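Work through the exercises below with the structure at hand. Try each task before reading its solution.

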Amino acid sequence: LCPDATAIVDDLGSLTFDDVARRTNALANSLAAAGVREGDGVGIMCRNHRGFVEATVATAKLGADVLYLNTAFAGPQLAEVVEREQPRALIYDEEFAGLLERAGEGRLRFVAWHDADPGEDPSLDELIAAGSEKLPSPPGRVGRTVILTSGTTGAPKGANRESPQSLDPAMSLLSKIPLKRGQTTHIAAPLFHSWGFAHFTIGLMLNSTLVLHRRFDPEASLAA
């Protein structure tokens with residue numbers, strides 16, 4: 001509805017809704033070419049930035065399932081979760097490469113954010129540059145979302161979230177929290193967390209401009 005409106009403002013700059021649509025089409029097509037199929041799982045371990053959003057949207061366009069990995073997990077926790085959930089691919093920020101070394105064995109791996117050389121794994125920007133911007137064929141299923149528990153009382157466990165078939169759940173929330181269409185929303189909570197993810201999805205529905213920072217800082221949040 002608002003292709004030229006700003007969709008994301010992050011540490012790299014801004015993207016319009018049209019930018020996000022084209023980039024996620026290209027990313028979805030490149031992920032499919034790399035071997036990600038409808039019904040596969042894709043683990044995402046990213047901080048708050050455009051890579052998280054683009055990986056999530058591209059995965060949904062393929063009808064694949066998203067597994068959000070907590071950026072505070074230790075290597076053994078990640079290995080246990082990935083062994084249990086069996087994602088086909090991992091999309092991660094370069095800073096977590098060491099933590100995911102064991103968990104990523106035998107899986108497709110892609111780098112979302114990198115401050116230096118991303119290493120041997122392709123980056124999302126490389127996949128986007130190489131992929132067709134044509135909208136992928138609609139999948140035959142709606143992908144699931146798996147949000148993990150914190151793991152403070154044992155191994156993290158996945159909580160499956162089916163995509164709602166109507167806007168009723170969102171309308172119920174919006175009846176209590178007066179968010180409006182086209183507003184600017186700064187999401188300070190991690191996007192992989194239930195609260196941050198809820199504001200992310202509602203923001204998409206409302207054509208909100210999402211303001212994201214990779215690392216939470218109280219003064220920066222107030223300034224934003």
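A polar contact is a pair of N or O atoms within 3.5 Å; within protein, one must be able to donate a hydrogen and the other to accept it. The model used in these exercises is a predicted one.

**Exercise 1**

Task: Describe the setting of threonine 24, and find which backbone oxygen lies 2.6 Å from a polar atom of its side chain.

Solution: 
1. Check its accessibility. Buried means under 20% relative accessible area. Threonine 24 has 0% relative accessibility, so it counts as buried.
2. Look for the backbone oxygen: it is that of valine 20, 2.6 Å from a polar atom of the threonine 24 side chain.
3. List the contacts, leaving aside neighbours within four places in sequence: threonine 24 touches Glu54, Val57, Ala58 and Lys61.

**Exercise 2**

Task: State how many salt bridges the structure holds, and examine the one that arginine 22 forms with aspartate 18.

Solution: 
1. The count for the structure is 13 salt bridges.
2. In the bridge between arginine 22 and aspartate 18, the closest N and O atoms are 3.1 Å apart.

**Exercise 3**

Task: Examine the salt bridge of glutamate 85 with arginine 84, then that of glutamate 95 with arginine 215.

Solution: 
1. The side chains of glutamate 85 and arginine 84 meet at 3.3 Å, N to O.
2. Glutamate 85 is at 30% relative accessibility, so it counts as partly exposed. Arginine 84 has a relative accessible area of 37% and is also partly exposed.
3. For glutamate 95 and arginine 215, the closest N and O atoms are 3.2 Å apart.
4. This pair links distant parts of the chain, 120 residues apart. Glutamate 95 sits in the loop between strand E5 (89-92) and strand E6 (108-111), while arginine 215 sits in the loop between strand E10 (209-211) and helix H7 (218-223).
5. Glutamate 95 counts as partly exposed because its relative accessibility is 34%.
6. Salt bridges with shared partners also join Asp18, Asp19, Arg22 and Glu133 into one network.

**Exercise 4**

Task: Describe how strand E1 is joined to strand E2.

Solution: 
1. Strand E1 spans residues 6-10 and strand E2 residues 13-16.
2. The two strands run antiparallel, and four bridges join them.
3. A hairpin of two residues leads from E1 to E2.
4. Opposite isoleucine 8 stands leucine 15 in E2.

**Exercise 5**

Task: Count the aromatic pairs in the whole structure, and classify the pair of phenylalanine 52 and tyrosine 68.

Solution: 
1. The search finds four aromatic pairs.
2. In the pair of phenylalanine 52 and tyrosine 68, the rings are 4.9 Å apart, centre to centre, with 10° between the planes.
3. Planes under 30 degrees apart count as stacked, so this pair of phenylalanine 52 and tyrosine 68 is stacked.
4. Phenylalanine 52 lies in helix H2 (residues 50-61) and tyrosine 68 in strand E4 (residues 65-68), so the pair ties together parts 16 residues apart in sequence.
5. Both phenylalanine 52 and tyrosine 68 are buried.
6. One aromatic cluster is formed by Phe52, Tyr68, Phe197 and Phe200.

Key. Residues numbered from 1 in each chain as written. Predicted model: local features only at pLDDT ≥ 70, side-chain atom pairs only at ≥ 80, totals over all residues. Heavy atoms only, no water. Buried < 20%, exposed > 50% of the residue type's maximum accessible area, 1.4 Å probe, protein only. Contact = heavy atoms within 4.5 Å. Salt bridge = Lys/Arg side-chain N within 4 Å of Asp/Glu carboxyl O. Pairing = 2+ DSSP bridges. Phe/Tyr/Trp six-rings, centres within 6.5 Å; stacked < 30°, edge-to-face > 60°.
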